[in-house]
Amino acid sequence: MKKRFWSICLILITSVWLLTGCISAEERAQAEEWRKQGEKNAVTYVKQKYGFEAEVVSSDTQKVSDLFGARLTSKSLVTMEYGGKEFGVLIEAEQSRMDEAADNYQKEEVEEAFTKEVTELLGTSPDCINMKGGDNVDGWGKNGDAFYNMYFHEYYDGENLEELICEYRFYCVAETLKDIDLDSLWEKNENPMFGSKSVNLLLVTYDSEEDMEKCNIHPLDNLKTSVYEHGMFVSDALFKDTNKVITFDFEIKQCGDFYYLNVEADPSRYSIREDAELYEASEWNGHGFNNATAISDTAYYLEGDTEYTLYIYYPKEKFAAIPSGEHEEGVVLTSRRISNETGKESYDIFSHTSEVPDYEVFWDYHVDSDNYSFRLMYNAQE
């Protein structure tokens, strides 16, 4: 029995080590050599591309994640300075891979040129524009934001913007306070750059400057989801991803203290109503709860079209005031589905983000049920 116990412990320790991706001293030493060589290579690369010798300011080793966790690579981000201007170079330690190096020395020029193209599309200058793209952008999430900041290998000569942009994955969020018919605007688009599979473009309009300031949509976010998460502030939006154009024609409704949106459903064909005890809180025991406790007797029932994602927007100050008992482990929004055809029940906890200003935003994907209800709960200690 004791032997079996220690065998299980060994398996658990090994699993934790694999999942955390412990980096050995040898690996760190190797990465340090790569980083130093990367600095030398960066100086050579910049001189070959631009004809001047830049000074190395700092450097950082790129990390990647795989099945065994994080590990260091032979690629470095070298921060350089020339003529009072700092810029970055992404470069490999092997000199034979110099043709894979990329830099953002021309970042401002490329951004200005692309902004002109967006302005021509909109018919007006965007009030705010944010873009990310170039080399390395497909590896988003494994390093700091500086690793994904408009790095290009090709030299921008003022005439090759389309070639430059379409060579890499490129993301842009353009926002404006102007009242623009985005659907008809896109129908008239003839710019091949915007039609490229490599370009992801989100156009957003707002009714007020305050609403626009409250939105914080990053180009490398899941842009479609971000629009819905910020739905309380967005007036209209159009998202062109790699292979299709998505329009956002939604109407946010209110029920009691919260607002709601049934994504892509016809607003006239669904609603949410307060209801009496649609299901006992105890029914949730074993479905993520040990001692499920309802916030109140009020539950909610979605009637009409239910085949889309449901978003709930709860004002932060009202959500914070919800009574949840002394032993509360976190208030959550729960849902239950019952199929009229099979009678099968299924339970789910809404996904939740607290990063949107003014509202706690909850969403439940694939709301596909003939009988769908939800309520606020918490897990009380017994």
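Author: Residues are numbered from 1 along each chain as its sequence is written, and side-chain values use heavy atoms, with hydrogens and water left out. Because the model is predicted, local features need pLDDT of at least 70 and side-chain atom pairs count only at pLDDT 80 or more, while totals for chains, interfaces and linings use all residues.

Reader: What makes a stretch of the chain count as one of the 21 strands?

Author: A strand is a DSSP run of E with at least two residues, a helix is a run of H or I with at least four, and both are numbered from the N terminus; in this way the chain has nine helices and 21 strands.

Reader: Why is strand 17 called largely enclosed by the rest of the structure?

Author: A residue is buried under 20% relative accessible area, exposed over 50% and partly exposed in between, with a 1.4 Å probe and protein chains only. Six of the seven residues of strand 17 (residues 332-338) are buried, so this strand is largely enclosed. In the chain, 46% of the 382 residues are buried.

Reader: How do you know that strand 17 and strand 21 pair?

Author: Pairing requires that DSSP finds at least two bridges between two strands; strand 17 and strand 21 (residues 371-379) have seven, in the antiparallel sense, and therefore pair. Isoleucine 338 stands opposite asparagine 371 of strand 21.

Reader: What joins strand 17 to strand 18?

Author: Five bridges join strand 17 to strand 18 (residues 345-349), and the two run antiparallel, with arginine 336 having tyrosine 347 of strand 18 as its bridge partner.
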